Amino acid sequence: MTKMRIIVKKNEEEVSEEASNLIINEIKNKEKFVLGLATGETPIKTYAKLVNAYKQGDVDFSNVKAFNLDEYVGLEPSDVDSYSYYLHHNLLDSVNVNEENIHLLNGETIKINQIAKDYDLKLEKNGYTDLQILGIGLNGHIGFNEPNSYYDFGTHVTDLSESTINVNKRLFSEQNKMPTKAITMGIGSILKSKKIVLLATGSKKDEIMDKVIFSNQITPEIPATILKLHKDVTIIMDEEAAKTYLKKAGTERENIN
Ligand code: F6R
């Protein structure tokens, strides 16, 4: 197992600052850069900081290809609750990523399995992502790779767990509109990313971060534990999400891997 690099920052603001600086440095160092985007509440400020940096002239996205992690099945890209809408609204419409370089999963139900296959081919053709931003679900999901008895490696359609439905419906314009299925990049594609940056903020993430960091097992029941197999993972957490980690880090450091 490899060591995950763990950075603890004071609060969400500082987590977002650290994450956006890291992303900017990576983009600057490459002629072509494939960026994997997460959605959800956690990266919103990071994206705002990327937009700010672009407006200040500190970063140029013309060399960036954007792929996203997941999408709800049954929502059109123009739907305000879709992840396509979220990414356009929070990042893509405000920076100079070329339209032809934006590759977002489309959750419209027709031909969804074909969409999954095409997405895997596109990822492969582009050499997978150079940097994949991840959030984490309270149940340990990454993307919408939900706890399961096995890992799904390719892009696939999945039933959302009860926990995810309960947690995520807060973000919907009408709660009963939340789909129960999603399409998600698989664990294999996530692991093929050259660099992974996982963000976690707030006390609600403390328990799962403790489980992921200190678990001696890699288990699809806590999907994020598979990140221990990747050679370049950086976890950026705020003090609330890192509460148990900070308590244990002194005494159980040898178990962190
Ligand atoms: C979203 C995604 C999910 C979220 C996770 C945490 O694209 O892949 O895995 O990262 O559900 O969501 P928030 O950030 O809302 O706590």
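Reader: What makes β4 and strand β8 a pair?

Author: In this predicted model, β4 and strand β8, residues 181-184, are joined by three bridges in the antiparallel sense. Pairing calls for at least two bridges, so three bridges meet the requirement. One place to look is D70, which stands opposite T184 in β8.

Reader: Which sheet do these strands belong to, and why are β4 and β7 said to stand at the edges?

Author: The sheet is an open one of three strands, in the order β4-β8-β7, and its pairing is antiparallel. β4 (70-72) and β7 (156-159) each have a single partner strand, so one side of each has no neighbour in the sheet. From one strand to the next, the twist averages 25 degrees.

Reader: What follows β4, and where does V80 lie?

Author: V80 lies in the loop between β4 and α3. Leaving aside neighbours within four places in sequence, V80 is in contact with Y85 and S173. S173 is 93 residues away from V80 along the chain, yet their C-alpha atoms are separated by 7.8 Å.

Reader: Why are α1 and α2 called oblique to each other?

Author: A friendly reminder of the terms first: two packed helices are described by the angle between their axes and the distance between the axes. Helix α1 (residues 12-28) and helix α2 (residues 44-55) cross at roughly 50 degrees, and their axes come within 8 Å. Roughly parallel needs an angle under 35 degrees, and roughly perpendicular starts at 65; α1 and α2 are therefore oblique. The crossing is right-handed.

Reader: Which residues make that contact, and what are their classes?

Author: From α1 come E12, E13, S16, E17, A19, S20, I23 and I24, and from α2 come K45, T46, K49, L50 and A53. By class, the contact of α1 with α2 has five nonpolar, three polar and five charged residues.

Reader: What makes α2 oblique to α3?

Author: α2 and helix α3 (residues 83-90) pack at an angle of about 40 degrees, with axes 9 Å apart. The roughly parallel class takes angles under 35 degrees, so α2 counts as oblique to α3. The contact is made by I44, Y47 and V51 of α2 with Y86, L87 and N90 of α3. Five of these residues are nonpolar and one is polar, with no charged residues.

Reader: How do you know that the chain agrees with a compact globule?

Author: For 257 residues, a compact globule would have a radius of gyration near 18 Å; the chain has 17 Å, so the two agree. Its C-alpha atoms fill a box of roughly 50 × 45 × 35 Å along the principal axes. Within the chain there are eight helices and ten strands.

Technical notes: Residues are numbered from 1 along each chain as its sequence is written. This is a predicted model: local features need pLDDT of at least 70, side-chain atom pairs count only at pLDDT 80 or more; totals for chains, interfaces and linings use all residues. Side-chain values use heavy atoms; hydrogens and water are left out. Axes are lines fitted to C-alpha atoms, for helices over the stretch in contact, and angles run from 0 to 180 degrees between N-to-C directions. Helices (H or I, at least four residues) and strands (E, at least two) are DSSP runs, numbered from the N terminus. Angles under 35 degrees count as roughly parallel, over 145 as roughly antiparallel, 65 to 115 as roughly perpendicular and the rest as oblique. A crossing is left-handed if the near helix is turned anticlockwise from the far one by less than a right angle, and right-handed if clockwise. Contact means heavy atoms within 4.5 Å. Ala, Val, Leu, Ile, Met, Phe, Trp, Tyr, Cys and Pro count as nonpolar, Asp, Glu, Lys and Arg as charged, and the others, Gly among them, as polar. The radius of gyration is taken over C-alpha atoms; the globule rule is 2.2 Å times the number of residues to the power 0.38.
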